[in-house]
Amino acid sequence: MIIACISTDLLYAADSKSENVLIQQSSISGTILDEMGTPLPGASIVEKGTTNGTQTDFDGNYTLDISSSNSIIIISYIGYESKEISVVSGQTTYNVSLNQDTETLDEVVVVGYGTQKKREVTGAISSISADAINKQTITGFDQAMAGRVAGVQVSQNSGAPGGSTSIRVRGIGTPGNSEPLYVIDGVPVFNSNSGGGGGSPPSALNTINPNDIESIEILKDAASGAIYGSRAANGVVIITTKKGKAGAPKLNLDYSIGIQSKEKNLDILDGPTYQEFITEFSGAAPTYTNPANTNYIDEIFQSATVQNMNLNVSGGNEVSKYSLSLGYLDQGGIIRGTDFERLSLRVNTSHDVSKRFRIGNNFSVSRSINNQTPENSVFNAAIGRAAINPPVIPARNADGSIGQPGDVGTSFIRSGGPLYVTDERLYEAEQFRFLGNVFAEYDIFEDLTYRINLGGDFLASGSNLFSPSLVGSGSPDILSTGQRFDSKEWIWLAEHTLNYKKQFNDIHNLNVLVGFTQQQSTFSSQSTSGTNFVSNDLIALSTAAERIGTGNLVDWSLMSYLGRVNYNFKSKYFISASVRRDGSSKFGPGNKWGVFPAFSAGWQIADEEFFNVDFIDELKLRGSWGQLGNQEIGNFNYLALLFPNAGYGFGGNVGSGNFSAQPANANITWETAEQTDIGFDLSLLNKKITLSVDYFDKQQIDILLPGSLPLAYGFIVNGAPQFPTVNAGIVRNKGLEFDLGIKGFEEDFSWSVNANLATLNNNVESDNGSPIIRDGESISIRFQEGLPIGTFYGYKVDGVFQNQAEIDGLNPDATNGVYYQASNTSPGDFKFKDLNGDGIVDSEDQTAIGSGIPDFTYGLNANINYKNFDFSMSWQGVQGNEIFANILQQAGDFTKPDNKFTTLYENAWRGEGTSNTVPAIGNGNGNYRNSDYYIQDGSFLRLRSLQIGYSLPNTLLETLQISNFRIYVGGQNLLTFDNYEYGLDPEIGANSGDTLENGVDRGRYPIPRTISMGVNIGF
């Protein structure tokens, strides 16, 4: 309904046809409202047939200069019927009330190869809007997902600038690649290219500017993801970037600057206390020469700035629309020597060539440079070295040289201090990426549309590494080493789809999609490394005394047929079925093809005549079942591989040749995830309260694992046996998801709160008798039947032996050489549990001691608007997971002269009754074997983001002749509530993306706390 306002009189039009009113003025203004009288901010007002247009402000007000006395004005807003007004002379004010469009009344979500009304969705799909992303000062879009979607756990693998993130949709289903598939404007992308380098692998997804994103949809169940077949087993994340809208050109500038710092500290011994420890450790006071008192944690950390600038120009007319954006990010690192810089450009256009023919494109280009530091190593990474390096050693000497043990008259086995890692070593990675597509659509008939989508993803990565030589003083010498790594990957995509959409007799609604797709990748890399350089000032590889080079060239391809049928009766009963048949080059000749079906159904109970509950707007039951695949494995796992340059003996001489090192298995096939989902969606009180609940049961079968083979077959590389890959494992994830939303509006005040919670039970149901066991001095991890993936394995500590009588009581057979733990067990040693009750603590008494997988995850997001002020915050929490604090094996081991955690030193056993949690200083006797001594509580609640903004009032905007001006202050990771004592950050993702190492802390780069301010200006 249109309301043309002349003075205070309202004239109503019964339909959307044009009205003629005489007018001579060239400027009109007014307010756009909905049926309830609520302002519609962002509504479009366009002079028909031109690019002249504007949008309403926060209060629904607009002003538009028109070019003709016979202009026709088009008013539109998403979810409402468009209106047209023909204006002539006599009236300057037009207040327009828009009716909700029954066809687009419901929120529209992006699904595979199309869109769908949310009320018609029968799968489990969650959405994140551009508003939620823009209310956070973030450097990567993956950070915007944290705590916002039930069943989706987002963990930053590294807090370093440009560091990667692990995203787990409904748990971990395989010890292999567990990352979801990303589809960016219709182009499938995997976050798998590390770009080489020596620090934390940079995320290929960090080439995407989050400010360009319009919406993010997460397809969580099989019915939603099956249209992507062999790549959807770990979930699908669909990213849609911003498009242009009809109207006058709009320019929007957003700039923010912030200060970053570490949120917490490590409490390690200072210089004088360390000397006390060494006195206890060695039995004699140390004789240092001018000992320092260095806090190496403070030395390697710093405050750092982060700047983010984004410029967007958009507009168009009824025929052509465009959106151009330029982004620049400059993020310093809170550890010295680290930073990340990204420059990005995006061009999105669409053109209606005719009523039937449409074309368009989505192009993005980005270049990033990332200076890194080694992580996840107690011995080689900056944080690990800072925690254990003796504080009596100076950080630097008076001449600027790196402080060494010999400078204070002592020795230390580890060469080069923390500043050697942060200041002297070079770890630089660079990425260039082009990602885009062109598309064309043609309406063959009114209800039948053909679409072709041609996409390309080109990613070029490179890195330079250099470690200078260091002549040791009280420690071993360091030999100079360097490496240059380059890789290029070109992925092309061709998709052809036919979409038939028809309504019959106003009650039967049918939507049919069929398609054929092809995708191919060519990846090449080369690496050259050198040692013993002529000088630390000459780092070109040509100056190295010894050099070695390697190269790689890999192709893969995927061919697919797909189909989907959606049917509903009276928009009340819904049925959907889809199938995809994929053929992959990654499998043998007899197993290249796989079929992935899915079915789902829904029932809108609230639309039934018998259901007469006024306050319930919507009650939809839905259920789904389907099968998904995972083809993200090596390209030649089904073949026997030859390794070159093997030495063979012939008649006393050694010759060079190739040898078979990987046994073949032509029978390997897809990992398949079979998932069942049952849920309901509830809406109350005119959608003021919404609730979605889901139960899911996902069983991943035919997990690809190392098989078994007698060693006599001779498949051994560097002393390690090589086994064929086989389909053997079964992993099950099941849980409940809750998503609650509440919102309210009253005059100048509006608010909304969204809360989510998801439980998770992860279990390896079968390892086919071939568990993955990683046993080492530093950690023991299992992929084993009956346990969660990546379970920490070891001994259970049962306190500390307080006296010899306690030890003797457990050694009744000591005279026969049989001991409970060891013959040299002494008071002050750990007492480990004899779990099998045989009177001896040995390897049979090891058990599960923890898991990095949480029992449940949750989030809370709130938004408040009052007049021109706005407030938003986002909380993220995980509960029930553990951390294996690997750093404790050095900073908590009292048999080594490394620096120690203060609380452990103070609580060490020093006589009967003094401690039952920390062993005695100097005692070995197996105290520091893998055990729950290293297990810490990984639960935390984090204030992920907070922002407060103020927008200038409309009267002032009109004076300044700008459309909007907003200033804001905010922060990221401002507060964290946790019990993790021996690490800088409880959010521990997967080490270098390794699923089995989820929750292992070897000195991880912490996520910085950021306080920022910014401005957003629109013209």
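Author: Let's start with a term: a polar contact is a pair of N or O atoms within 3.5 Å; within protein, one must be able to donate a hydrogen and the other to accept it, and residues adjacent in sequence count only if both atoms are side-chain atoms. This is a predicted model, where local features need pLDDT of at least 70 and side-chain atom pairs count only at pLDDT 80 or more, while totals for chains, interfaces and linings use all residues. Residues are numbered from 1 along each chain as its sequence is written, and side-chain values use heavy atoms, with hydrogens and water left out.

Reader: What makes the pair Glu 671 and Thr 174 a polar contact?

Author: Their side chains come to 3.2 Å, and the cut-off is within 3.5 Å, so the pair counts. Glu 671 also has a polar side-chain atom 3.0 Å from the backbone nitrogen of Leu 704.

Reader: Why is Asn 686 called exposed?

Author: Buried means under 20% relative accessible area, exposed over 50%, and partly exposed in between (1.4 Å probe, protein chains only). Asn 686 has 59%, so it counts as exposed. Its place is the loop between strand E35 (671-684) and strand E36 (689-706), and its phi is positive, about 55 degrees, although it is not a glycine.

Reader: And why is Lys 570 called partly exposed?

Author: Lys 570 has a relative accessible area of 45%, so it is partly exposed. Lys 570 is in the loop between strand E29 (544-569) and strand E30 (573-584). Its phi is positive too, near 60 degrees.

Reader: How do you know that Leu 251 can belong to a nonpolar surface patch?

Author: Patches take residues with over 30% relative accessible area and no salt bridge; like charges are joined within 9 Å, nonpolar side chains (Val, Leu, Ile, Met, Phe, Trp, Tyr) within 5 Å. Leu 251 has 31%, so it is partly exposed and passes the area limit. The patch is about 640 Å², and its members include Leu 311, Phe 432 and Phe 1019.

Key:
Areas by Shrake-Rupley, 256 points an atom, 1.4 Å probe, with all protein chains shown as cover. Salt bridge = Lys/Arg side-chain N within 4 Å of Asp/Glu carboxyl O. Helix = DSSP H or I, 4+ residues; strand = E, 2+ residues; numbered from the N terminus.
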